Amino acid sequence: MPITLKVNGTSRTVDVPPEMPLLWVLRDELDLKGTKFGCGANRCGACTVHINGVAQRTCTLPVSRAAGADITTIEGLDPNGAHAVQKAWEELDVPQCGYCQAGQMMAAAGLLAKTPKPTDADIDTALNTNLCRCATYLRIRAAVHRAAEIKAGGAAVGSSGAPGED
Amino acid sequence: MTPTTTPAASTPAPTRREFLKVSALAGGGLLLASYAEPVEALQRLVGGAPAAEPMLSAFIRITADNVVTITAKNPEIGQGIQTMLPMLIAEELDVDWKQVRIEQADFDPNKYPAQVAGGSTATPTNWIPQRRVGAAGRAMLLQAAATQWSVPVSELTTAKGVVYHKASNRQATYGSLATAAAGVTPPALDTVPLKDPSQFSIIGKRIPTVALKDILTGKPIFGIDVTVPNMHYATFVKAPVYAAKVASANLDVVKSQPGVTHAFVVAGTDNLAGLKAGVAIVGTNWWRVQEARKKLVVQWADHPTSQQSSAAFAAKAKEFFASAPQRTIRNDGDFDAAIKTAAKVVEAEYSYPFINHATLEPQNCTARINADGTCEMWTTSQTPQGGRGLVASTLGIKEDQVVMHMMRAGGGFGRRLYNEPLAEAAFIAREAKVPVKLIWTREDDMQHDQFRPGGFHKFTGGVDANGKLIAFRNHFATFGNGERFASSADIGPTEYPARFVPNLRMDVSMMPLGVPTGALRAPRSNALSFAFQGFIDECAEAAGKDPIQFRIDMLKAEIPPQQPYTPQQQAQLMSAERIIGVLEMARDVSGWGKTTLPKGTGMGVAFYYSHRGYFAEVVQATVSKAGVVKVDKVWAVGDVGSEIINPNHAEQQVQGAVLDAMGQAYGQEITFTAGKADQGNFAPATTTAGNASNFSLLRIRQAPPVVEVHWKKTTYPPTGIGEPAMPPLIPALMGAIWQATGKRVRQLPLSKVDLKWS
């Protein structure tokens, strides 16, 4: 059954069963591999994207429920990495293996859209659903605060991505 | 400009050999081959001749635009090695990091030495050789400039990819010299001079992750992201009881499901780290294949291990502790006599569970059988060499018929030292006659890990009237057959406090095991540290001594061994001096003993030596009256030698190891019932620990606000950092809990321990 999706601003039509999870449609039908499979059970958050601006998981979400909605994946957050969250993540060099980070950044961007100046507690609540097996949580927390600053007009600290380069 | 990676292409790329030929024939640049090759072979390559047999490794390519491409040879699993090894080459080549591009190598043992991610070995084994590769390149460029300008090499200097002749005010970029340098005879690698550390301009700097931008923009760089033409998707259903065979399966029903192209039984082998028995389902879409899997009904044949269980393991350990040990691996002085003279005797039993590696990227592999009979693989293996051997033996082909592309791995932690997914993908691809991407479900990954084995320890310690530990015994109930320990279930005769107690006995009893086990980050040490350092704390309490001073006093009085150490043991002996160094620094930076803490808050300490690294950690934790533990702060002090090559990643590895250990302590456990693992997926975010059906990873809410990382620089050559920061954390946390509540934790995970206080 053809289903039309609006992904990263572009209209895309896929012919898949309506119950196929959006994650696998994104990855294997639309070749958007940035959104990750981690658990298939809404437990890890690696598959987080924005649906109508709200961070949501996609590994169990039937594609039919996303038809017509505005979907943003990590590839569309900013393709050049210029979104405040990507810039903050780059400044602080947050990732270790990097596998969860698309989900972390989408969750962080979702938080900042609602809460421009989050506290540590706000961050912990919003991102508690996103597992990082490498446990980069300290840099994630710092990067969300930094992204809030950048969004509010704070200048980026160079483009080298090196925190406190000496 | 930021260096970027070129991940292995998803479309067929020129082979390395073609690539070498093209580069050499084009004549536009310098290719510098490996230190592993004889000089004549180097000359042949850099002399511009088309690459002949044997294939040569190439680490450096410099083009006319002064861009320097450096090959990163090792598997990248998040430890930052793709950044660090090229830093070593770039340092001695004397280029600006901004002009460097990084290319990930494919697996090729004819070109690259030791392409492995394990044992925190990359730093100690590459520290000198990779620098020599860079230094040799610089020497060739200098020679080319000297010839061009008719001046002696001794009058030339380099900086940031430029050669200078100050006397005549001339300069030339490496790019402009590269073609000429390619004709220079390379220097002998073992005598090429290296920089004095005071001259380092890249080593010691916070260099960003090479693939950072790709990660942040969602580029398809991980193993699971690979796509090849006509690729099919596979799932492989293995017996829940390890290595049980398939008795029957409703393959016809499965084959009739939409999108399914193949379904077949795999007879498999008895190798628990190889191709096990199961049912393969192949189709045009991974989700379709999972839907079809729901219709699969398999009857598994009976298997001898179908009765094993965690409860039975614990019961067997109790039996062992009530009996004489099976064997004694160290016996210094006379424990039995000394314990009778002790002023105080402490006895305790410690135990810890099996746990899962739980890499966030599930095990996966893409395999294609090519027309020439080769098996081409896209893998996240930490041991591609082992993977190649396993695939070759599984398919009955030669090792050089296995071609491997090394993709970025979504976490390793030791899981990808084992290569079952490679054997499965290769076998399924050959049977189905289509390229396949095999992806394990999370449940497959949880139940078919090479688990960190659980273990049981009975300790007896005796202190004399002066508070000195004079007698110590450990009876370790573990797993294995005959005298052979199960993988990662072993212990050695130098485990601390061995060497530092005059009357000491280390006993072992082993029960058989039918569960696959293996190395998890800081193997053995991650578990033994909890038990041994925990009990040492109890001995310190019995002695009425400060836990740090008690340890330092012991470390200052080494006892000669009754049995001489083997050369290997001798080479790996912990240095008491270096441990004392990190303990003293941890005491200083944490304000140990100088802080008045409220009731319910405590500080604990532990040290550990593993993988050549020395770490001491102090934890401050608060336990609520309801028994909920919260870590307030951690101070980690490490001695890994004279240089922290990339402080950016070294700090990440320490903080990651500390938090990883916290996650283990809080709620990680795999249990077995009727021969199979009980846990299937991650615990929900609403919980703080695993349970009978779920496995927990640390979540951000459980992460402390601060983990301070301090380096104790010493004069020793640099060693690795991926593992040694992990072991001290758990016992240090238990020390903090004891100070906060008066309760000793002797069993993990904490979720099973009652810590309520009033």
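Asn8(A) is found in the loop that connects S1 and S2 of chain A, where strands (E, at least two residues) and helices (H or I, at least four) are DSSP runs numbered from the N terminus. The model is predicted, so local features need pLDDT of at least 70 and side-chain atom pairs count only at pLDDT 80 or more, while totals for chains, interfaces and linings use all residues. Residues are numbered from 1 along each chain as its sequence is written, and chains are lettered from A and ligands numbered from 1 in the order in which they are written.

Asn8(A) has a phi near 50 degrees, a positive value in a residue other than glycine. Asn8(A) counts as buried because 20 C-beta neighbours lie inside 10 Å; the term buried asks for 20 or more other C-beta atoms within 10 Å of a residue's own, exposed for 12 or fewer, and partly exposed covers what lies in between, with C-beta atoms placed from the backbone. Ala358(B) sits in the loop between strand S15 (344–352) and strand S16 (364–369) of chain B, and is buried, with 27 other C-beta atoms within 10 Å. Most residues other than glycine have a negative phi, and most peptide bonds are trans.

Cis peptide bonds also occur in chain B. One joins Tyr496(B) and Pro497(B), with omega about 20 degrees, and Pro497(B) belongs to the loop between strand S22 (484–485) and strand S23 (503–511) of chain B. Another joins Leu748(B) and Pro749(B), with omega about -5 degrees; Pro749(B) is in the segment after helix H20 (729–741) of chain B.

Back in chain A, five strands make up an open sheet of mixed pairing, in the order S2-S1-S5-S3-S4; two strands pair if DSSP finds at least two bridges between them. Strand S2 (10–15) and S4 of chain A are at the edges with a single partner strand each, so one side of each has no neighbour in the sheet. On average, neighbouring strands of this sheet are turned by 40 degrees against each other, direction ignored. Strand S1 (residues 2–7) of chain A runs antiparallel to S2(A), and six bridges join the two. Thr4(A) is placed opposite Thr13(A) in S2(A). H4(A) lies across S3 and S4 of chain A and runs at about 150 degrees to S4(A), with axes fitted to C-alpha atoms, for helices over the stretch in contact, and angles from 0 to 180 degrees between N-to-C directions.

Chain A is assigned domain 1 (2–77) and domain 2 (84–151), with bounds from an automatic or database domain assignment. The C-alpha centres of these two domains of chain A are 21 Å apart. Their contact involves 15 residues from domain 1 of chain A and 14 residues from domain 2 of chain A, where contact means that the C-beta atoms of two residues, placed from the backbone, lie within 7 Å.

In chain B, the assignment gives domain 1 (5–216), domain 2 (223–303 + 363–439) and domain 3 (324–355 + 451–752). The C-alpha centres of domain 2 and domain 3 of chain B lie 37 Å apart, and ten residues of domain 2 of chain B contact ten residues of domain 3 of chain B.

Between the chains, the contact takes 50 residues from chain A and 48 residues from chain B.
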